[in-house]
Amino acid sequence: MNSKPIAATGLAWAVLSLLVCSQFTEKAIAADPGLKLEAQLIWGTNDPQSPDPSHKPVDSDVLKKLAALPLKWSNYFSVNRKGFNVPLTTTCKVPLSEKCRMEVKNLDGTRIEIALFGRGEQVLKRSQALPKGEILVLAGNAPNDTAWLVTLKRIE
Amino acid sequence: MDYDTQLQLQAYLDGELPERASRQLRVWLEEDPEAKALLAELENTRTLLTHYDEGILLPESREFFWSKIEREILAGRKPASRPGRLSVFPGLRYLVPAGSLAALVVATLLAVQGSGGSKGSEYEATLSDPGALTYRDYASGTTLVWLSYPAEHELADDEPSD
């Protein structure tokens with residue numbers, strides 16, 4: 001009768017496998033430093049300068065990426081900028097202005113779920129991978145033929 | 001370009017505009033590259049959706065197809081017993097658990113390593129307006145989601161007044 005030895009061996013292997021799996025998973029979770037992100041509220045215009053002196057031109061790396069997009073504006077000014085860290089499977093709320101905020105969830109260390117709110121109302125929910133160096137831009141029209149943009153960049 | 005104009009372009013593409021309005025729109029399209037680009041984008045999207053909706057043709061009749069599935073289900077209900085088969089090759093009894101272990105380890109490794117560059121399905125749900133346009137620039141690693149909402153004043157209140 002070989003069924004009992006096979007069953008016992010199978011059980012032993014299964015237990016061993018689970019132990020190995022849990023070790024890997026625990027290490028993966030323990031080693032997770034979270035996602036270091038940066039969000040920016042940006043105003044896009046063709047005017048060479050912003051009337052608001054507190055607005056600074058966006059960094060060259062962001063400008064380069066915005067310039068690669070099919071947008072008609074040549075100048076982009078940073079209205080607000082927030083750096084934050086999102087641990088694995090947690091959600092971070094990021095207020096960008098009185099009426100605009102975003103919520104970013106770290107889904108699995110690579111993918112994020114982003115929800116954009118305007119006047120407290122959710123206007124967009126989206127999930128995607130955001131590797132280091134890549135950028136997500138949410139944008140729309142603003143008065144006087146200008147644009148608002150919310151950028152999300154992964155720092156680490 | 002405002003929302004109504006975009007809708008007019010969509011109506012033109014769908015052949016819903018009267019002849020006179022279509023003529024005017026064609027003239028405008030010649031002068032406005034942005035509108036021309038949007039029309040091309042709408043045409044591309046429609047083409048893609050048309051292909052996506054194409055039905056799958058089965059090489060057999062519908063009844064035969066479903067009868068195959070029914071046979072598979074019925075066959076799956078029968079208990080499969082093959083006593084003593086493994087006893088012919090005693091070493092085989094170790095292959096089953098060893099194979100299971102190998103599969104589990106590989107799956108775990110893939111799951112752990114996959115967190116460095118997994119590409120799952122991307123989804124999008126625009127709640128207030130279905131007219132969000134997503135543009136992806138692979139060269140610069142940039143994804144743009146253009147929203148027709150919040151329109152004009154919603155998120156842009158921090159925009160300086162001239």
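Here are some questions and answers on how features of this predicted model get their labels.

Q: Why is B:I73 called partly exposed?
A: Its relative accessibility is 46%. Buried needs under 20% and exposed needs over 50%, so a value in between is partly exposed.

Q: What makes the nonpolar surface patch on chain B, and where does B:I73 lie?
A: The patch is made by B:W66, B:I69 and B:I73, and it covers about 290 Å². B:I73 lies in helix α4 of chain B, residues 62-77. As for the spacing along a helix, residues three or four places apart point the same way, because an α-helix has 3.6 residues a turn.

Q: Why are B:F65 and B:W66 called an edge-to-face pair?
A: Ring centres have to lie within 6.5 Å, and planes over 60 degrees apart count as edge-to-face. Here the centres are 5.4 Å apart and the planes make 75°, so the label follows from the cut-offs.

Q: How many aromatic pairs does a search of the whole structure find?
A: Three, over all chains. One of them is A:W73 with B:W146, at 5.9 Å centre to centre and 20° between the planes.

Q: What makes that tryptophan pair stacked?
A: Stacked needs planes under 30 degrees apart, and A:W73 and B:W146 have 20° between theirs. The pair crosses between chains: A:W73 sits in the loop between α2 (60-67) and β3 (75-86) of chain A, and B:W146 is in strand β3 (residues 142-147) of chain B. A:W73 and B:W146 are both buried.

Q: How do you know that the charged end of A:R101 sits over the ring of A:F117?
A: The distance to the ring centre is 4.0 Å, and the limit is 6 Å, together with an angle limit of 35 degrees from the ring normal. The pair is listed as charge over ring.

Q: Why is strand β9 of chain A called mostly covered?
A: Nine of its nine residues, 146-154, are buried. A:T146, A:W148, A:V150, A:L152 and A:R154 point one way, while A:A147, A:L149, A:T151 and A:K153 point the other way, and all are buried.

Q: How do you know that β9(A) pairs with β1(A) and with β8(A)?
A: Two strands pair if there are at least two bridges between them. Eight bridges join β1(A) to β9(A), running antiparallel, and eight join β8(A) to β9(A), again antiparallel. For instance, A:L41 has A:V150 as its bridge partner, and A:A142 has A:T146.

Note on methods:
Residues are numbered from 1 along each chain as its sequence is written. Chains are lettered from A and ligands numbered from 1 in the order in which they are written. This is a predicted model: local features need pLDDT of at least 70, side-chain atom pairs count only at pLDDT 80 or more; totals for chains, interfaces and linings use all residues. Side-chain values use heavy atoms; hydrogens and water are left out. Patches are made of residues with over 30% relative accessible area and no salt bridge: like charges are joined within 9 Å, nonpolar side chains (Val, Leu, Ile, Met, Phe, Trp, Tyr) within 5 Å. Accessible areas come from the Shrake-Rupley method with a 1.4 Å probe; for residues, only the protein chains shown count as cover. A salt bridge is a side-chain nitrogen of Lys or Arg within 4 Å of a carboxyl oxygen of Asp or Glu. Helices (H or I, at least four residues) and strands (E, at least two) are DSSP runs, numbered from the N terminus. Buried means under 20% relative accessible area, exposed over 50%, partly exposed in between (1.4 Å probe, protein chains only). Rings of Phe, Tyr and Trp (its six-membered ring) pair if their centres lie within 6.5 Å; planes under 30 degrees apart count as stacked, over 60 as edge-to-face and the rest as tilted.
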